[in-house]
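Dear colleague,

Please find below the structure that I am handing over to you. My notes on what was found in it follow directly after.

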Amino acid sequence: MDFPLPEDTICAVATPVGEGGIGIIRISGPEAPAVAGRLFRPRKKGVFPLKSHRLYLGWIHDPDDGQPVDEVLLSCMAAPHTYTREDIVEINCHSGYAVLNRILEIVLKSGIRLAEPGEFTRRAFLNGRLDLSQAEAVIDIIRSRSHQSLLIANRHMQGAVREMVEQWRGHLLDIRSNVEAAIDFSEDLDDQEGDIPSQADFLCTRLRSELLSPIEQTIRHYCAGRILREGLTIVLAGKPNVGKSSLLNALLGKDRAIVTPFPGTTRDVVEDSFILSGVQVRILDTAGIRHEPDEIESFGIERTLHSVSQADVVIWVIDGSRPITSEDDSVFHAVSRRELLVVLNKSDLPCHVSELDAKQRFGLPSAPVRLSALNSTDMEKLRTLLTERYLRQPIEQSEGTIVLNLRHKGCLEDALQSLCSAEELLRGGAYGELVSFELAQASRKLDSILGWDGDSELLDRIFSRFCIGK
Ligand SMILES: Nc1nc2c(ncn2[C@@H]2O[C@H](COP(=O)(O)OP(=O)(O)OP(=O)(O)O)[C@@H](O)[C@H]2O)c(=O)[nH]1
Ligand SMILES: [Mg+2]
């Protein structure tokens with residue numbers, strides 16, 4: 001990994017700036033202990049030099065006028081056992097705009113530079129404490145909103161991706177050295193024996209079992225894992241007045257969308273989220289699809305159709321207390337190609353459409369769920385069905401596998417392409433150097449998952465997603 005190592009000292013407010021219990025200012029780099037020495041007056045005398053990984057009570061003073069700024073707890077953590085592997089000083093002060101800004105100002109005046117977004121974690125990466133998949137896990141942990149996405153991020157943080165990639169790199173290295181040894185050997189024999197073709201079957205078997213198959217399998221698990229990491233997107237669709245907004249409110253357990261007896265109430269997309277079986281579910285209520293809408297409604301319907309196209313699952317709501325109409329047929333036409341779950345709403349009223357009627361009329365693969373959004377009757381049936389159909393398998397699968405993010409998946413797909421080319425070349429009895437070249441390409445792609453390929457633009461892209469102070 002060829003990146004220049006940082007030499008200067010940086011600082012930032014590491015907590016949200018505003019009124020709160022505690023605010024933390026973090027300083028990292030070789031000058032950090034000296035800054036603490038200049039600004040900090042400990043309550044107890046004779047504690048300098050400060051011991052590593054200890055908390056000291058005292059005051060931050062402005063060295064220009066000697067005025068006290070805030071009573072703080074200060075810790076000084078000596079390299080390399082720190083987040084960045086550099087000397088770190090953390091000032092735990094009261095959290096308020098004036099206090100935090102004043103302390104930051106004083107630290108900056110002592111010649112320390114303000115950190116860029118993610119620069120502390122970037123240093124942890126550059127100093128070899130984290131690989132890039134672990135650095136990405138830091139931001140995933142911060143952004144996690146569900147138990148399942150946190151579990152995945154924590155596994156990455158513990159080095160699961162790195163372990164997997166290092167194992168594959170090891171196999172690759174081994175196979176490459178076999179190919180290269182075979183090249184040398186065949187040169188010694190002056191191409192008489194053609195040693196590579198004799199080894200080709202053996203190497204192909206190894207390529208397949210140690211690399212191609214496990215990589216293909218990991219890529220296959222990406223889609224299921226995406227739902228756990230990013231959440232499941234559900235769109236409620238149906239003709240007007242069937243109870244879509246009522247169902248949204250019932251699932252959320254709050255009055256999020258306006259409900260009225262008048263068809264055409266919802267005109268825009270209403271979005272919210274809830275947690276189901278530890279997974280975040282993003283849910284979108286939409287304008288009812290109907291014939292001859294007015295101008296505003298037709299904008300709404302356009303948005304409905306767009307949302308439907310983005311959904312993981314469309315819940316198609318039918319009013320079970322009234323006969324099916326040609327407008328229901330139009331909705332079916334609009335949603336039938338999507339992953340569909342059908343709800344027969346208004347079960348508290350006399351039934352006009354049975355589960356069997358709906359199943360047969362629309363040729364549904366399974367019976368609709370009958371419920372009442374108004375009374376929240378049988379809502380549990382819907383929740384259970386959503387879990388069983390869309391979440392159970394991803395959750396179970398994720399327990400024994402590594403869940404990739406989109407970037408990792410892209411790198412693995414590129415690596416896979418090179419490995420397939422290598423396999424083809426070997427099978428075709430091609431000259432070993434070409435095979436070796438493809439294997440080297442695959443190895444580089446695996447390296448880029450961990451940030452070991454020296455791509456500084458990639459680092460910029462990843463760390464710009466961080467907040468200042470992390
Ligand atoms: N009896 C009964 N009425 C319901 C039920 N669900 C919704 N309603 C009523 O049906 C009417 C329409 O409900 P909404 O939730 O606004 O229907 P919508 O599909 O969002 O309608 P639009 O926004 O116009 O497309 C309201 O008067 C609701 O109270 C139910 O389960 N039972
Ligand atoms: Mg509505």
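**The metal site**

The magnesium ion (ligand 2) is coordinated at 2.0 Å by Ser245, through OG, and by Thr266, through OG1. Donors here are N, O and S atoms within 2.8 Å of the metal (3.2 Å for Na, K and Ca), and water is not among the atoms, so sites may look incomplete. The two residues link distant parts of the chain: serine 245 belongs to helix H9 and threonine 266 to the loop between H9 and strand S9 (270–276), 21 residues apart. Helices (H or I, at least four residues) and strands (E, at least two) are DSSP runs, numbered from the N terminus. Both serine 245 and threonine 266 are buried, where buried means under 20% relative accessible area, exposed over 50%, and partly exposed in between (1.4 Å probe, protein chains only).

**Basis of the model**

Please note that this is a predicted model, in which local features need pLDDT of at least 70 and side-chain atom pairs count only at pLDDT 80 or more, while totals for chains, interfaces and linings use all residues. Residues are numbered from 1 along each chain as its sequence is written, chains are lettered from A and ligands numbered from 1 in the order in which they are written, and side-chain values use heavy atoms, with hydrogens and water left out.

**The surroundings of ligand 1**

Ligand 1 is surrounded by 23 residues, of which the closest are Lys244, Ser246, Gly264, Thr265 and Asp348; a residue is counted if one of its heavy atoms lies within 4 Å. By class, this shell holds nine nonpolar, eleven polar and three charged residues. In that scheme Ala, Val, Leu, Ile, Met, Phe, Trp, Tyr, Cys and Pro count as nonpolar, Asp, Glu, Lys and Arg as charged, and the others, Gly among them, as polar. Helix H9 (residues 244–252) gives the most to the shell, with three residues.

An oxygen atom of ligand 1 is 2.7 Å from a polar backbone atom of glycine 264, and an oxygen atom of the ligand is 3.2 Å from a polar backbone atom of valine 242. A nitrogen atom of ligand 1 is 3.1 Å from an N or O atom in the side chain of asparagine 345. The protein covers 91% of the 650 Å² of accessible area that ligand 1 has on its own; accessible areas come from the Shrake-Rupley method with a 1.4 Å probe, and for residues only the protein chains shown count as cover.

The chain is divided into domain 1 (10–131), domain 2 (142–221 + 403–450) and domain 3 (229–398), with bounds from an automatic or database domain assignment. Taken over C-alpha atoms, the centres of domain 1 and domain 2 are separated by 44 Å. In helix H8 (residues 222–230), the buried residues include Tyr222, Ala224, Gly225, Ile227, Leu228 and Arg229. Glycine 231, with a positive phi near 100°, follows H8.

**Buried side-chain contacts**

Serine 28 lies in strand S2 (residues 20–28) and counts as buried because its relative accessibility is 0%. Its side chain makes a polar contact of 2.9 Å with the side chain of threonine 84. A polar contact is a pair of N or O atoms within 3.5 Å; within protein, one must be able to donate a hydrogen and the other to accept it, and residues adjacent in sequence count only if both atoms are side-chain atoms. Histidine 408, in helix H14 (residues 406–427), is likewise buried, with a relative accessible area of 0%. The side chains of histidine 408 and glutamate 136 are joined by a polar contact of 2.8 Å.

**Backbone geometry to check**

Most residues other than glycine have a negative phi, and most peptide bonds are trans. The peptide bond from phenylalanine 48 to proline 49 is cis, with omega near -5°, and proline 49 lies in the loop between strand S3 (40–42) and strand S4 (55–61). Alanine 79 and proline 80 are also joined by a cis peptide bond, with omega about 5°. Serine 277 has a positive phi of about 50° although it is not a glycine, and its 40% relative accessibility makes it partly exposed. Glutamate 292 has a positive phi near 50° and, at 77% relative accessibility, counts as exposed.

Yours sincerely
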